[in-house]
Amino acid sequence: MRIHNFAKPTLLTLALNLTFGLGLRAEPIKALIITGDNISVHDWKASTASIQQILKSPKGRFQVDVTATPATDLTDANLAKYDVLILNYFPTAQGGPDTKWSQANKDALLKAVKSGKGLVSHHFASAAFARPNWEEFEKMIAGGWRTQGFHGPAHEFRVKKAGSHPISDASPASFPHPTDELYSNNLLTPGSVIIATAYCDPKLPKGTGKDEAVIWVHQYGSGRVYNNVLGHDSSAMADTAYQAWFRNGVEWAATGAVKARN
Ligand SMILES: [Zn+2]
């Protein structure tokens, strides 16, 4: 009987598996921030600059590109260049034609994530395409604000780790977060895994008295998804603990692992 040598792992394939399969892929991780439009209370230029700043460390770990013209750049060929896509985008009537997603743009994004690109949804991106609802987008980003979310006045609150996950294993059990919006009643699509919550104080306006999910993860096809509803503005995003979570979330979405930091 013929022995199928091709089925045996060779040293080369073992080495490749060790390099890529365990998330220890060659640096840098290539990230694309997709932006260019948002409601006026969300300064997408400033928050995009904050994301770029966050991903400047550790040095050389990430290579970050930005598109503010998704109509041009959400294509199969362009998205193929990246390991992870970061949504900092909400379509408005004021957005120019270069910011509008055509059906082909939408299809390219769904296909990219489904086939294994990581995806990060930042803050109000989880409300995008909800009126009318683009169900596949909602499924891909694993929900969030959509149309049922709400928040009281921005305030300081504590963010708490929930469960064990590579993104947060090295993080403290909780951290104090500076003034930010505490999105409440987020939609979590079935299978979502909550990795951080914040208690919504019922003594404050619109307080729910519940631990609200603020960061969760999911899978869309082969793509890993990190949904983070924190980070209303650059001052909220200046929080170093928030930044560590975000950085790890991008890395995990891209590679499936988080490298130990010194
Ligand atoms: Zn906001």
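These are my notebook entries on what I looked up in this predicted model.

**Ground rules.** I number residues from 1 along each chain, as its sequence is written. Because the model is predicted, local features need pLDDT of at least 70 and side-chain atom pairs count only at pLDDT 80 or more, while totals for chains, interfaces and linings use all residues.

**Overview.** I found eight helices and 11 strands in the protein. Helices (H or I, at least four residues) and strands (E, at least two) are DSSP runs, numbered from the N terminus. Next I looked up burial: 42% of the 262 residues are buried. A residue is buried if 20 or more other C-beta atoms lie within 10 Å of its own, exposed if 12 or fewer, and partly exposed in between, with C-beta atoms placed from the backbone. For contacts (C-beta atoms, placed from the backbone, within 7 Å), I noted that residues 24 or more positions apart account for 75% of those with a separation of 6 or more.

I traced an open sheet of nine strands in the order 2-1-3-4-11-10-9-6-7, with mixed pairing. Two strands pair if DSSP finds at least two bridges between them. Strand 2 and strand 7 (174-180) are at the edges with a single partner strand each, so one side of each has no neighbour in the sheet. From one strand to the next, the twist averages 20°; the angles here run from 0 to 180 degrees between N-to-C directions, with axes as lines fitted to C-alpha atoms, for helices over the stretch in contact.

I then checked two pairs. Strand 6 (residues 155-161) and strand 7 are antiparallel, with five bridges, and V159 sits opposite F175 in strand 7. Strand 3 and strand 4 run parallel and are joined by four bridges; here I86 faces V120 in strand 4.

**Strand 4.** Five of the five residues of strand 4 are buried. G118, V120 and H122 lie on one side, L119 and S121 on the other, and both faces are covered.

**Helix 2.** I listed W44, S47, T48, S50, I51 and I54 as buried in helix 2 (residues 44-54). Seen down the helix axis, the buried residues fall within an arc of 155° (taken from the directions from the axis to the C-beta atoms), so they line one face of helix 2. Their cover includes strand 1 (29-34), strand 2 (62-67) and helix 8 (240-255).

**Helix 8.** How many of the 16 residues in helix 8 are buried? I counted 12, among them W245, F246 and V250. I also checked the length: the expected span is 1.5 Å times one less than the number of residues, which comes to 22 Å for helix 8 and agrees with the 22 Å between its end C-alpha atoms. Helix 8 lies across several strands, including strand 1 and strand 11 (223-228), and runs at about 160° to strand 11. Just after helix 8, G256 has a positive phi of about 85°.

**The core.** The largest nonpolar core has 64 residues, and A31, V84, L85, I86 and V250 have the most contacts inside it. Such a core is a set of buried Ala, Val, Leu, Ile, Met, Phe, Trp, Tyr and Cys residues joined through C-beta atoms within 7 Å. Helix 8 gives the largest share, seven residues. V84 touches, among others, A31, V120 and V250.

**I194.** My last stop was I194, in strand 9. I194 counts as partly exposed because it has 18 C-beta neighbours inside 10 Å. Leaving out residues up to four places away in sequence, I194 touches A162, A213 and W216.

Definitions and conventions:
Two residues are in contact if their C-beta atoms, placed from the backbone, lie within 7 Å.
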